[in-house]
Amino acid sequence: MNEQIKEQKKEQGTEQEMPVSSYPRGVRITAMAGVVLLVLLYIVTLIAALTTSPASGGLFKACLGASILIPIMLWLYIRFAKLWGGKTDK
């Protein structure tokens with residue numbers, strides 16, 4: 001049944017193919033993990049800024065430093081993974 005629908009869409013020209021990413025799956029997962037980690041860091045930074053705990057100053061500095069270092073580290077990982085990964089030309 002699905003194949004009949006696909007063939008009808010092909011005949012009508014309405015079927016669209018999914019775009020192919022130039023990044024491997026592991027790199028995309030790493031990038032999404034980095035985004036989630038950064039969002040969590042910003043939440044922790046906000047909480048540290050709003051609390052009056054004695055440790056909030058150190059926590060704020062650590063989160064601020066990590067929010068600078070994590071994107072750099074992830075960019076390096078993604079860059080090297082793309083360089084060292086096998087390039088497949090189709």
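Let's start with helix α3, which covers residues 56-84. Its 29 residues should span 42 Å at 1.5 Å a residue, where the expected span is 1.5 Å times one less than the number of residues. The end C-alpha atoms are 41 Å apart, which agrees. Helices here are DSSP runs of H or I with at least four residues, and strands are runs of E with at least two, numbered from the N terminus.

This is a predicted model, in which local features need pLDDT of at least 70 and side-chain atom pairs count only at pLDDT 80 or more, while totals for chains, interfaces and linings use all residues. Residues are numbered from 1 along each chain as its sequence is written, and side-chain values use heavy atoms, with hydrogens and water left out.

## The chain as a whole

The chain has 3 helices and 0 strands, in the order α-α-α from the N terminus on. Of its 90 residues, 14% are buried; buried means under 20% relative accessible area, exposed means over 50%, and partly exposed lies in between (1.4 Å probe, protein chains only).

Accessible areas come from the Shrake-Rupley method with a 1.4 Å probe; for residues, only the protein chains shown count as cover.

The buried residues of α3 are S56, C63, A66, S67, I70 and I78. Their cover includes α2 (25-50).

T45 sits in helix α2 and counts as buried because its relative accessibility is 13%. Beyond its neighbours within four places in sequence, T45 is in contact (heavy atoms within 4.5 Å) with F60 and C63. A polar atom of the T45 side chain also lies 2.7 Å from the backbone oxygen of L41. G34, also in helix α2, is buried at 5% relative accessibility. G34 and L74 are 40 residues apart in sequence, yet their C-alpha atoms are 7.0 Å apart in space.

## A nonpolar surface patch

On the surface, I68, L69, I72, M73, W75, L76, F80, L83 and W84 form a nonpolar patch with about 1000 Å² of accessible area together. Patch residues have over 30% relative accessible area and no salt bridge; nonpolar side chains (Val, Leu, Ile, Met, Phe, Trp, Tyr) are joined within 5 Å, and like charges within 9 Å. A salt bridge is a side-chain nitrogen of Lys or Arg within 4 Å of a carboxyl oxygen of Asp or Glu.

One of the patch members, F80, lies in helix α3. F80 is partly exposed, because its relative accessible area is 38%.

Key:
Polar contact = N/O pair within 3.5 Å; in protein donor to acceptor, adjacent residues only side chain to side chain.
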